[in-house]
Every structure is written in C-alpha cells, then in structure tokens.
Amino acid sequence: MQAPWQVVLVPLDVTLENYFEEDDRLALAASDSELNRALADILDLYFDFYVAEYGRKLCALHDPLACAIAIGQVIATVAPAVDVVVDQGYGPGRGQTICDLRGQRNGPVDHEGAHVRVVLDTDQPLGPLLLERLLNAAS
C-alpha cells in the first residue's frame, strides 16, 4: 500500500470474528422498526452465504466493524504499524493484503517508516453493540 498518509486496515482475520447470529437477525425481524425488519430480510441472503464458511447461519460484519472503529465505538486494542503489500500475482492469493507481522510475538511493535496500522484485536465484539444500537434506535 503506497499511500503517503496513515491508513488503518481492518483485515478479514478480525472482521470474520464479528458477526450477527440467527438470533440477532430474528430480533431485528421482530422489531417495531420497518428499517430493522427490512434489514432482517436482506440479511437472510447473507446468512445463507456464510453457512459454508461457519457451518451455521450468520453474517460477518466487515464494513460495520471498520466503520465502528473509524468513529470510535469499537477500539482497536492491538494495531501495529507494519509494512503491507497487495499480492498482484496471478495465483490464488491475487488481491490479498500481506502484512509483515514479523517481530510481533511479544506484543505489538510498530515497524519504522510503516504507515499502515493493521487491526489485530478490538476491545469488544461488534455484534451485540450493533444489535443494541439498532433495536434501541427503533424505540
């Protein structure tokens, strides 16, 4: 990643650990809010997609987690600044970000000159927080 400014990357390793379960979707469906009920209907398609990945119906919260971190509702607790490149080859890794995490075993260490902060952990899971906010906004 060649951008000259500071970048925060929230990788799949973290976003795939933040999700809505079927009970969360059902709570949205039972809400008095038309928006929440529509969201529950839309999420049903995504829940079906993730069955192959997780073995059950759920939906990863990729973009919502990145947004929650950006606005400070979820805090990145481990996020070292490291060198990151994008695989531009023609193999199965094409398009993947490769983060240089060498030297991180004893805790997060910023690499000199690195400008990409890679989120490796957060202070809380997003699913319960997001569900609470959606349900409370409806009341």
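The sulfur of C67 lies 14 Å from the closest cysteine sulfur, which belongs to C59, and this is too far for a bond. A disulfide is a covalent bond between the sulfur atoms of two cysteines. Here, a disulfide is counted when a pair of cysteine sulfur atoms is within 2.5 Å. The structure accordingly holds zero disulfides. C67 is partly exposed, with a relative accessible area of 49%, whereas C59 is buried, with a value of 5%.

The model under discussion is predicted: local features need pLDDT of at least 70, side-chain atom pairs count only at pLDDT 80 or more, and totals for chains, interfaces and linings use all residues. Residues are numbered from 1 along each chain as its sequence is written, and side-chain values use heavy atoms, with hydrogens and water left out.

The elements of the chain come next. Helices (H or I, at least four residues) and strands (E, at least two) are DSSP runs, numbered from the N terminus. The chain has five helices and nine strands. Of its 139 residues, 34% count as buried. Along the principal axes, the C-alpha atoms fill a box of roughly 50 × 35 × 30 Å. Contact means heavy atoms within 4.5 Å. Among the contacts in the chain with a separation of 6 or more, 70% come from residues 24 or more positions apart.

Strands of a sheet pair through backbone hydrogen bonds, either parallel or antiparallel. Two strands are taken to pair if DSSP finds at least two bridges between them. In this model, an open sheet of three strands has the order β1-β8-β5, with mixed pairing. Its edge strands are β1 (7-9) and β5 (81-82), each of which pairs on one side only. Strand β1 runs parallel to strand β8 (residues 116-118), and three bridges join them. Within this pair, V7 has V116 in β8 as its bridge partner.

Another strand, β2 (residues 19-21), contains Y19. This residue counts as partly exposed, at 24% relative accessibility. Apart from its neighbours within four places in sequence, Y19 is in contact with D24, Y54, R56, L58, C59, A60, L61 and G127. The buried cysteine C59 is thus one of the contacts of Y19.

Two packed helices are described by the angle between their axes and the distance between the axes. Axes are lines fitted to C-alpha atoms, for helices over the stretch in contact, and angles run from 0 to 180 degrees between N-to-C directions. The axes of helix α2 (residues 22-29) and helix α5 (residues 126-137) come within 10 Å and cross at roughly 10 degrees. That makes α2 roughly parallel to α5, a term for angles under 35 degrees. In the contact, D24, A27 and L28 of α2 meet L131, L134 and L135 of α5. By class, five nonpolar, no polar and one charged residues take part.

How values were computed: Parallel < 35°, antiparallel > 145°, perpendicular 65-115°, else oblique. Nonpolar A, V, L, I, M, F, W, Y, C, P; charged D, E, K, R; others polar. Buried < 20%, exposed > 50% of the residue type's maximum accessible area, 1.4 Å probe, protein only.
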